[in-house]
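Reader: I have a model open and would like to learn how to read it. Can you take me through it feature by feature?

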Protein chains: 2
Amino acid sequence: MEGYESCIVRHFSYYYELSEDDKALLCTLEQSPMTVEAGSTLWKEGDDAKEFCTLKKGWAYSYRFLENGSRQLVELYLPGDIIGLREFAFTQRLAGVEMVEDGEVCFFPHQHLLDLFRRSFVLTSILFAIASRQQVLITERLVNLARRNARQKLAHFLLEVSQRLLQTQRGSLSGSFHMPLSQELFADLLGLSPVHVSRTFSALHEAGLVHRERHHVTLLDLPALKREADFDERYLIDNMRPLFTAYPVSATRPADSAVETPPTPFWPGGRGLIAKR
Amino acid sequence: MEGYESCIVRHFSYYYELSEDDKALLCTLEQSPMTVEAGSTLWKEGDDAKEFCTLKKGWAYSYRFLENGSRQLVELYLPGDIIGLREFAFTQRLAGVEMVEDGEVCFFPHQHLLDLFRRSFVLTSILFAIASRQQVLITERLVNLARRNARQKLAHFLLEVSQRLLQTQRGSLSGSFHMPLSQELFADLLGLSPVHVSRTFSALHEAGLVHRERHHVTLLDLPALKREADFDERYLIDNMRPLFTAYPVSATRPADSAVETPPTPFWPGGRGLIAKR
DNA sequence: CGTCTGCTTGATTCCCGTCAACACCCGTGG
DNA sequence: CCACGGGTGTTGACGGGAATCAAGCAGACG
């Protein structure tokens, strides 16, 4: 750990400043990294769900198969992400997870998360924030899949990845990045056929909006793309500092005096918000 | 509260037995219920996000508007659900919430959740389980929207609601229930046009799979419907007792001795799961 | 009894899936 | 050096599922 700041620490720090204790606690989740090859399976639908996994290097995705043989990608994981949070309350995996490219992952059992709940109030809160952010991400993708046409879907997805990389990968240039996905993966991700992904990419290229060669993508005209995709990055850029600053916490587990603090008084009504449609 | 068991307590109890202390703590979230009319707005996209809200009575839904004027429902809330968890890490609402029918809700500030993190390990864990379950629900809906045709979408949705009601509403008969949604809401929920919802309902009716009149739905042939929709209720029926029994907890906040328990030792490797595609 | 809202049904259009042929890249082996 | 083959991306022709537009219908309610 000397000199090297782990992905997960960086990820958590994005939400709130961590004490050294918290950092250490967090790092216990990242023991024993193991390398995994491109295309390897971390787990399959139906496997026992007893662990989470942090992604240190490489991209990964979770997916579901359907009866008709098609496949839908559920989530795309970038370095620093936690994989498998979804199955915390479940005994079986509900989706498989595969690596897009060679990478490094660290498994840790569900119980470690419970330990974390006991030991660190700040980490608990951040973890909850991460879970809620993940939900927001999925929600946005849901809207994308349900209501937009192929062009918008693709544009939106490219913008999402670009923004996420910007936040987690220091120094990546906005709008130009490595994109190791095959068009088949794009298809499974966006609910399209591979053929149509190709066509749509061409269309965006002809419109001068994106440039792509091999596995590298450049977004040429971000404002136009955002307009096209109805993209609003606010859903990706929030954090929880405002919450904590409104209600300060000691960075470590609160002393008993703090614990005895009564909950903030019942919220005083007078909403005025409730309005008939 | 005397004699009456609140929805939220019942909801949490589904995951794990609650101590009296926990029940009391939980009930502080449900102070000051207020009645809300059908069609009223709890909040709109872009509003400040400082509170959650528990739904005591009536159905509600969250939604997003798109640039082109169409609308996508994101989540459907039934009595006992917590509304707004998604925005825990955000300062603004990312989706609006409206009531389907007359009901009762209880607002409580985000900070109350932080108090809960400090005070009850069990409630924290359950809350996390609820959040993860919500994510699973959205994920399933995402797959539904992305990959299935209108018939399957509708069938799947009806099955989902049926199953959820079965779990939270005691004594509701499986496969026959009150369904207060207009076809326009179905459309916004399933990513279809209202016209096509009507056609699809007719098709399912003709096939002898569902019966519907006014706002009451009966699922006539559950096995056939499940086959049709590729529906697997496992994603809805798990809970977290296995996790806790594998790693018992005192029901109240752990004594210091418990806190000092070292985290379970680093997970011992030997996966054997990692396989090349 | 008239009006309003929500549901149904028909005709037409269009986006995207499917099928199929072909180009391309790259590693292998002769 | 070229031939070969598999995986991946491109392009065209065709068809189908669902959107859209529009008109008719049925309750609900004043």
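Reader: What should I know about the model and its numbering?

Author: This is a predicted model: local features need pLDDT of at least 70, side-chain atom pairs count only at pLDDT 80 or more, and totals for chains, interfaces and linings use all residues. Residues are numbered from 1 along each chain as its sequence is written, chains are lettered from A and ligands numbered from 1 in the order in which they are written, and side-chain values use heavy atoms, with hydrogens and water left out.

Reader: How many helices and strands does chain A have?

Author: Helices (H or I, at least four residues) and strands (E, at least two) are DSSP runs, numbered from the N terminus. Chain A has eleven helices and twelve strands.

Reader: What share of chain A counts as buried?

Author: Buried means under 20% relative accessible area, exposed over 50%, and partly exposed in between (1.4 Å probe, protein chains only). Of the 277 residues of chain A, 60% count as buried.

Reader: What about contacts along the sequence of chain A?

Author: A contact means heavy atoms within 4.5 Å. Take the contacts in chain A between residues at least 6 apart in sequence: 72% of these join residues at least 24 apart.

Reader: How do I read a sheet?

Author: Strands of a sheet pair through backbone hydrogen bonds, either parallel or antiparallel. Two strands count as paired if DSSP finds at least two bridges between them. In chain A, three strands form an open sheet in the order 9-11-10, with antiparallel pairing.

Reader: Why is one side of strand 9 and of strand 10 of chain A left without a neighbour in the sheet?

Author: Strand 9 (176-178) and strand 10 (210-213) of chain A stand at the edges; each has a single partner strand, so one side of each lacks a neighbour in the sheet. The twist averages 15 degrees from one strand to the next. Angles like this run from 0 to 180 degrees between N-to-C directions, and the axes are lines fitted to C-alpha atoms, for helices over the stretch in contact.

Reader: Which residue pair can I look at in that sheet?

Author: Start with strand 9 and strand 11 (residues 216-219) of chain A, which pair antiparallel over three bridges. There, His178(A) has His216(A) in strand 11 as its bridge partner.

Reader: What is the strand order of the open sheet in chain B?

Author: The order is 9-11-10, three strands with antiparallel pairing. Strand 10 and strand 11 (residues 216-219) of chain B share four bridges. One of the pairs to find is Arg212(B) with Val217(B) in strand 11.

Reader: Is strand 4 of chain B mostly covered or mostly exposed?

Author: Strand 4 (residues 60-65) of chain B is mostly covered, with five of its six residues buried. Six bridges join strand 4 to strand 5 (residues 71-77) of chain B, and the two run antiparallel. Tyr61(B) stands opposite Leu76(B) in strand 5. These two strands form a hairpin with five residues between them, and Gly69(B) in the turn has a positive phi of about 95 degrees. Strand 4 of chain B also has four bridges to strand 7 (residues 96-99) of chain B, again antiparallel. Here Tyr63(B) has Gly96(B) as its bridge partner.

Reader: Which residues come nearest to DNA strand C?

Author: A residue is near a molecule or strand if one of its heavy atoms lies within 4 Å of it. Of the 16 residues around DNA strand C, Ala150(A), Ser193(A), Arg214(A), Gln183(B) and Ser198(B) come nearest. Sugar and phosphate account for 68% of the atoms of DNA strand C that come within 4 Å of the protein.

Reader: What polar contacts does DNA strand C have?

Author: A polar contact is a pair of N or O atoms within 3.5 Å; within protein, one must be able to donate a hydrogen and the other to accept it, and residues adjacent in sequence count only if both atoms are side-chain atoms. A polar side-chain atom of Ser198(B) lies 2.8 Å from a phosphate oxygen of DNA strand C. A side-chain N or O atom of Arg199(A) lies 3.2 Å from a base oxygen of DNA strand C. Helix 7 of chain B gives the largest share of the surface near DNA strand C, four residues.

Reader: And which element gives the largest share of the surface near DNA strand D?

Author: Helix 7 of chain A does, with four residues. The side chain of Ser193(B) has an N or O atom 2.9 Å from a phosphate oxygen of DNA strand D.
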